[in-house]
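Please look through the structure below with its sequence at hand. The paragraphs after it go from a group of rings to a helix, and then to some single residues.

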Amino acid sequence: MEKWSLMTITVLLALTVRWAVSLGSYSGAGKPPMYGDYEAQRHWQEVTYNLPIRQWYFNTSDNNLLYWGLDYPPLTAYHSFVCAYIAKLINPDWIALHTSRGYESQPHKLFMRTTVFVADLLVYIPAVIVYCFSLKETSTKKKASICALCILLYPGLILIDHGHFQYPLSLGLALWGMLYLSYDWDLLGSAAFCLALNYKQMELYHSLPFFCYLLGKCFKKGLKGKGLVLLTKIAGTVVVSFAVCWLPFCTDMEQIMQVLRRLFPIDRGFVIITNYPFFSFQDKVANIWCSLSVVIKIKNIISPQTQLKLSFAVTFLSLLPTCIKLTVQPSLRGFKFALVSCALSFFLFSFQVHEKSILLVSIPVCLIINEIPFMATWFLLVSTFSMLPLLLKDGLLLAYAVTTLAFLLVCATSFSIFEKTSAEDLQLKPFSLSLKGYVSWFKSFPKIVRCLFLLSITLMGVLSLMSAAVHPPQRLPDLFPLSVSVISCLHFLLFLVYFNVVILWDSKNSRSQRKIS
């Protein structure tokens, strides 16, 4: 009973922080003609309620795709329709066709914010709570609540969902999928992830770990016996899940192709980012292509088709070692680390990237915060910092500063992160043993890591203050956003190396995968 009381307090505290952030500004507030993501979500409600399904993804006189046209899978559209149905009952003006464009009012803001709260309460927060209670390391009364508090106070997700404006449904559904797999409910896990993928196509970041883990599990059971039966059941579950989500669009092939074109606009090619055009990303994103574009204008060297091939090749090669290891030695621990590594590879090297996509890496990192609290806390701070230009644009500087400092304080006190910097604490002991006799400075590793962490925090703090308070030189208007992107990208590259080292040298996987077989 006491455990649940502590968890109730944790949830109430997390909701209070979300409520406080939601009182501030949101994406594109009072900024016509396009406004921002808040208006995009409202516009999708307008479109899905007033137009027949066959017109949702097509450009018509009533649905101008250049004005926040639907570009997410069917489940997002269905969710928008449900929200629109409720909005219509409260105030029809909120979703009136054409005339509601750019609608802004306090009652409508309250309604939209409430829909995010409901999504959090129904999907994401319960998944976090169940996950924390399921961990063996959190079997004591307080540890589950502490772990849940740290995850629920992650500032990046709070600022984007309740500040910028976004729904946490795809991440919540993916988390439920991972939970079901941890209980060996493979069919439910597959169905939950299919729902996540049909809510946002960016869940492809997590698709390979799900695929490789389940495939490896089938291999271990034997593809001539139980493994084949399991593989058939999983394949059937995936087909049925997709068929249910896409059924209204299966009236003809043109409907399906149009939805796919909206989801994957590869022909869009480059977008212009002030003076730094490269690949398909928006604003200043902390991935390798945006960072390289500062010094190398690859756009002027290779064609768009070659860019796509280059991006695919680099992404595939960076994913390959982790995916092979997970398929050969499937384990839940390896699966969680693979979610982090693969998502980070996609973020750093893929063709179409948005700065908010770092959340697809951050949520899996939250899942291992109890195992490597120091590195997980560090990564989550950097991921929030990497979105600073977007947060400043939305007027969320104060919320960013307060939530980030609160998160650092809670993690530092709850996990004593500065005392957990040894090679063993960072899951690097097998790697350090393999280097014995070659690297003499490994004994000083904890001190070096702590110094690097403090240097990183100081650098991020200074650059945050300068971005908010100092005007850049006229000839370098993007100095601070680009600095944030490049510094964050360098951090992420080092984290990618770190996570891959942990995965490839992990001896625990080979022990835990025997239980699966």
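Start with a cluster in which ring pairs link F347, F374, W378, F379, F418, F453, F492, F495, Y498 and F499. Here rings of Phe, Tyr and Trp (its six-membered ring) pair if their centres lie within 6.5 Å; planes under 30 degrees apart count as stacked, over 60 as edge-to-face and the rest as tilted. This is a predicted model, in which local features need pLDDT of at least 70 and side-chain atom pairs count only at pLDDT 80 or more, while totals for chains, interfaces and linings use all residues. Residues are numbered from 1 along each chain as its sequence is written, and side-chain values use heavy atoms, with hydrogens and water left out.

By the ring rule, the count is 32 aromatic pairs. One of them is formed by F374 and F418, whose ring centres are 6.5 Å apart and whose planes meet at 70°, so this pair is edge-to-face. F374 belongs to helix α15 (residues 373-386) and F418 to the loop between α17 (397-415) and α18 (429-434), so the pair ties together parts that are 44 residues apart in sequence. Helices (H or I, at least four residues) and strands (E, at least two) are DSSP runs, numbered from the N terminus. Are the two partners buried or exposed? F374 is buried, at a relative accessible area of 0%, whereas F418 is partly exposed at 34%. Buried means under 20% relative accessible area, exposed over 50%, and partly exposed in between (1.4 Å probe, protein chains only).

The next topic is the nonpolar core, a set of buried Ala, Val, Leu, Ile, Met, Phe, Trp, Tyr and Cys residues joined through side-chain atoms within 4.5 Å. The largest such core has 151 residues, and of these F379, F492 and F499 touch the most other members. Helix α4 (residues 106-134) gives the most to this core, with 13 residues.

Now turn to helix α17. It has 19 residues and reaches 27 Å from its first C-alpha to its last, close to the 27 Å expected at 1.5 Å a residue; the expected span is 1.5 Å times one less than the number of residues. Its buried residues include A399, Y400, F407 and F415. Seen down the axis of α17, the buried residues fall within an arc of 135°, so they line one face of the helix. That arc is taken from the directions from the helix axis to the C-beta atoms. On the other side of α17, L398, L405, L409 and T413 are exposed. Just after the helix, S416 takes a positive phi of about 50°.

Which residue is 9.1 Å from Y400 in space, C-alpha to C-alpha, though 379 residues apart from it in sequence? That residue is V21, which is found in helix α1 (residues 2-22). V21 is buried, at 6% relative accessibility.

Some backbone details lie in loops. P32 and P33 are joined by a cis peptide bond, with omega about 5°, and P33 is in the loop between α1 and α2 (37-50). W68, in the loop between α2 and α3 (74-90), has a positive phi near 50° and is partly exposed at 23%. Q427, in the loop between α17 and α18, has a positive phi near 65° and is buried at 16%.
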